[in-house]
Structure formats: structure tokens, C-alpha cells
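Please keep the structure open while reading.

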Amino acid sequence: MDTTVTLPEIVPASYVDAHEVVQELDPSTREAVMAVIADGGHPTPPLVCHPGEVLEGVEGSLLTLEGEEVGEIGAVGPEAGYYRLRGPDGSTRFVVSAPERFSQPERGWGWAVQLYAARSRDSWGIGDFGDLATIARSAAHAGAGSVLISPVHAAAPVPAQQSSPYSPASRQWLQLLHIAIDDVPGAAEVDLADLAKRGRALNAERRIYRDSVWELKRSALQRIWDATKDRLPVEHDVFVGAGGSDLHLFSVWCVLAEKFGTAHWRGWPEQYRTPAGAEAFAAEHADRVAFYSWAQWVADVQLAAACTAGATIVADIAVGFDSSSADAWVHQSLVSFDYEVGCPPDRHNLDGQKWGLPAINPAALVAADFDLFIGMVRSALRHAGALRIDHVMQLWRLYWVPLGGHPAGGAYVHYPTDALLAILRLEAARTGAWVVGEDMGTVAAGVRESMATDGMLGYRAALRLPVDQFPEGVMGASSTHDQATVAGTLTGSDMEDLRRIGKSANFEQLEGVRRELAAAAGVDPDAPIGPAEVEKAVLAQYTRLSACKARVVLASLDDAGAVAERPNMPGTVTEWPNWCLSLPRPVEDILTEPLAVHLAEVMDARRH
């Protein structure tokens, strides 16, 4: 967002949809959205540059964010980092100096994993960070360079657990359900046999019952905390100190949510609806606040161990956070709760989508010096070696839908792209990470060109684009978590599921995809299809995927396990068990079964 950007440019009067048709906005909707953005103020746009870049027309003193003067800004951009520029008139301006390009991964392959679904025999009803370490070691042993995981963002510590990893309570902190209880420091000192027995019994059903998992894991963590809180290691103290006010406020919010039994903080007693109003409460409940900070340390230690166990872990960043979340509670001034983000109707989502995530005001984001965004990216890269950004178009624009409205009646809001990309490049450079942007759907002109210029990989799925059309600068997959698996496609069970729940789809197109896959696998689509035919289709699909130009290709553990169901059915709430189906067998078994071993051999042979 530079000095020439105006509100009408932030909210254009029309957009080009996925069918290349110009869609005109309803004037009243557009006016309302512009009024919301205007409420965020009119901040001075950031100065974005790269080290050594020639700067013209820029003058003033360069300061660190702590206020220490670096000196007069020179004719070239300063070394990489964040600064403030104090102009001759005393005004200040946020400065981001970042490398020009992202690091690049080597050509290779990896596994794509829904972590919650990847349970082992030792899991307590849900995949955990210990299971992730197992997968990372197995992946490296098989020659894979990476493991892409579903988001591990925090959820609210309430009885009714959020199932979707893409609707988090915070994108800066971790999901406590993924803690492997046996690996918690001090766990061996406490009798947890009763809880462990009940936790492992949850593995008997494919359905994941997060509420039950949380009840058991919270009890286990409480026992360990009570036994060890008076002699915590210095590493814990360092972590809590580094987390500062961000960790403290998140922990306070957790205690409040636990006390009231709900994450819906706007329904809490009025004095607790803002962080400032909860200060006395935090002091009165200091031990419980410390418990949740400790639990975050435990999760962080376990994620760090998994990220150094074998293949590079690729962390997935959700497009937003839930309106009833800690992030929304802490950053209320940045959020518009009268809108939710989503996407307009396109070829694959005929009704469009609403994601239940409140919209972030781009003007308010600039006014806050991007603190929310920087904290999120820095947290994601604390241990992971790479990032996948869900719906990467969010860095350019987001589709705002009035609360309660139809997805077709929304408006695109543009964001300060140059600054957001620079922040990503800077934070990734500090850890040597590479970055993937999921750029499927309605993509504005110039987005993919900018990604290529910056060295950000795109994302392609074979169910949307033939693999021989994948460009080099992408991560390629057979499908995404929102699409059909190979088994679901070949058997036709995915189409049956769509019809059964009344989901709109282009069934003629889906049948064409099924028959094309069958032909590639040498399978008669009109004959009975069993496990042998599914195995042929999986190997055929990944044989051609492994040969494509894409820099990195992914094999889904769902396909390695011959899973027929989608992890998520977009546009549904109760019609489908979204994010609640585990792999059908323990992940350690699936990784050593003939299909997974053969699939890995096919991928590895063609990628090296």
C-alpha cells in the first residue's frame, strides 16, 4: 500500500472471476467495506527495499525498532531487517529491508500428512508430534526431502474442540492435542496408566474424538505440571521469557476460555472482553496462566524434535483465525467481525465459500507495523524448514463476504503486498527456509508472476491440472485436503459421497477424471474395482507425478494408505466428518506396507 493507493483502489468496483467474467460489486456493499477500512486510519505506508537498493527521494534518520539511532539513511537500502525512518518533520515510517528472493529447495519429493490423522499405536486418539518424528525419520530413510503437515496452530482449551486446523485460536501458538504425553518432561515420574489406557483405546475407531482426547491429555498435563512445576528447567524459563506479552496474553485467554467453558469471548463478562480488562484476573490465576505457558513450551520442544528428526518439515499457515479466538481477542483493533473471508463461486466450488474467519483490516495492519503478521511468520519458522501458505492470494487480496450473506455477494479487498512479501522473504532468510504459496482458485493477474520473481513456489494438484502442464517452480501433488483421493476417484465413492450429502459438483467432469485415471492405471473402469486396482491407480498416478517438472512433488499418506474419503468437504459443516477421520491403520504400519514402500521407490527413483 503506497502513498498513491486510495480506498476505491483497495476495494475495486469489479473483479474478474474464475470464468473470466467481470463481476460488478453491489455499490452498497462496496461503500460499507470502504467505510470499515477507513476506520483503520490512514497510516503512512511502509518503505520496502532490499539491501544495497538505490533509494531516491528518501531522507531522515534510521532507527531500530527499539528506538536506537542507526544513522542517516543513505543512498542505498540498509542491511536486512526492520527499522523506523524518522523524517525531517519528525514523522516516522516503518521500514522493511529484505532479500530480493526466497531460498530454493533442491528437486525432490516428500510426504503430505494430515498430522491429526496419522496415529500410531502409542497415540492417544490423534496424531501427535512423536508420530511426526516417526514420519520424518521414515521419509528421510526412503529418500524424501520434505514432509508437508496440516496446520498445527493452537485451539481453544474448551470442552467442544475445534476440528478444523484451518480455524485456529491462534496462528502463533501450538495445538496442545498434538503433544505426545509419554514424551513430556517429567511424565515418567507420574502415574498416567489409567489415562494412557483410555487414550489408546480411542484408536480403535477411525473417527477422531477431539473432545475426549483433550479431556485425557489435559488431565495428564495437569498431573505432570503439579509434580514438576517447582523445578522446571532453565529452558522453560527462557522460552517463557522470549514469548513475552504474546505468550502471556494467549495463556490468559486460555484460562478465561477454560473458566467460562467457551471460546466465544464476546459473550464473556464485559470486563474480560479485552486484554486490559483481564489483568486482575491474570494475577488471581497466575498458576493456571503459567500452566498454559508451560504447555506451550512442551509442545514447542516436541515440535522442535520432530523438525530435526529427518526430512524437512513444511509448516502450513492457515489463511486466518476464528472470530472466537485468542488472536481476535488480542488484536480486536485489526479485525472486522461483520465480514468473513472466503472465495467467490468458481469451477470447483460452484456456490463459492465462506470460511468463518473474520477479515483483517489492511489499513489497521499497516498502522500496527505488521506485528500480527510478523509474529505469525516468525512462529511458524521457529523450527520448520519451509512454509506452505494456504490461499497465498491473501497477500494480494482477500474476498470479504458480509456476515450472513451469500459468497457471490462479497468484495475483494487489496492488501499491502510488497510489505507482506518482504516480511516473508526476510523471516525466511533468517532461517534459510523456502516458501510455497497455494495459488489455486481465483488468482488475480500478476500474482503468479510476482511469486516467480520472488522465488516463491506455487502449488499444483493433478486433479485440477494435468501433471505434464506443471511448471518447474511449484510443489506438485495429486490432490489437496479438499479434493478426492486416488481411491475415492477410481472407485467412484467420492462422487457417491457428494451425491449423498447433496453437494453441488460437475459430475460429468468428475467421471471423466475417473476414467482417465483408470486408463493410466490399465484398469477397466466398468469392472469391479478392489484393492489391487486401487494400488495400480495409486502407483500410476504417482509415477507420472514423479516425472513432472515440478521442483518438489508430494505423495499423500492418504493415498499410500488407499483411503477413499476426503479429509475435508468444502462448504459443509455437519454433512461430512471434516478433519475427523484418521488413517485406517497405524501410521508406522502404513509406511512399511508394500504400497507405501513401492510408491516411495517410484518417487525416489525419478526425483534423484
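Axes here are lines fitted to C-alpha atoms, for helices over the stretch in contact, and angles run from 0 to 180 degrees between N-to-C directions. The model is a predicted one, in which local features need pLDDT of at least 70 and side-chain atom pairs count only at pLDDT 80 or more, while totals for chains, interfaces and linings use all residues. Residues are numbered from 1 along each chain as its sequence is written, and side-chain values use heavy atoms, with hydrogens and water left out. Helices (H or I, at least four residues) and strands (E, at least two) are DSSP runs, numbered from the N terminus.

**Helix α8 and its partners**

- The axes of helix α5 (residues 210–228) and α8 come within 11 Å and cross at roughly 110 degrees, which makes α5 roughly perpendicular to α8 (angles of 65 to 115 degrees count as such, under 35 as roughly parallel, over 145 as roughly antiparallel and the rest as oblique).
- In the contact of α5 with α8 (heavy atoms within 4.5 Å), Trp-214, Arg-218, Leu-221, Gln-222, Ile-224 and Trp-225 of α5 meet Asp-287, Arg-288, Ala-290, Phe-291, Tyr-292 and Trp-294 of α8.
- That contact divides into eight nonpolar, one polar and three charged residues, where Ala, Val, Leu, Ile, Met, Phe, Trp, Tyr, Cys and Pro count as nonpolar, Asp, Glu, Lys and Arg as charged, and the others, Gly among them, as polar.
- Helix α6 (residues 234–260) packs on α8 (residues 286–307) at an angle of about 120 degrees, with the axes 7 Å apart, and α6 is therefore oblique to α8.
- Residues of α6 that meet α8 include Phe-239, Leu-247 and Phe-250, and the α8 residues in this contact include Tyr-292, Trp-294 and Trp-297; by class, the contact has eleven nonpolar, five polar and four charged residues.

**The pair α15 and α16**

- Helix α15 (residues 493–501) and helix α16 (residues 507–521) pack at about 165 degrees with their axes 10 Å apart, and the two are therefore roughly antiparallel.
- Met-495, Leu-498 and Arg-499 of α15 meet Phe-507, Leu-510, Glu-511 and Arg-514 of α16, a contact with four nonpolar, no polar and three charged residues.

**Cavities**

- A cavity is a set of points on a 1 Å grid over the protein atoms alone where a 1.4 Å probe fits but cannot get out, and its lining residues have an atom within 4 Å of a point.
- Of the 24 residues lining the largest cavity, Ala-112, Gln-114, Ser-479, Thr-480 and His-481 are the closest to its centre.
- β21 gives the most to this lining, with three residues, and the lining divides into eleven nonpolar, nine polar and four charged residues.

Note on methods
1 Å grid on protein atoms, 1.4 Å probe; cavity = no way out; pocket = protein on both sides within 12 Å on 5 of 7 lines; lining within 4 Å.
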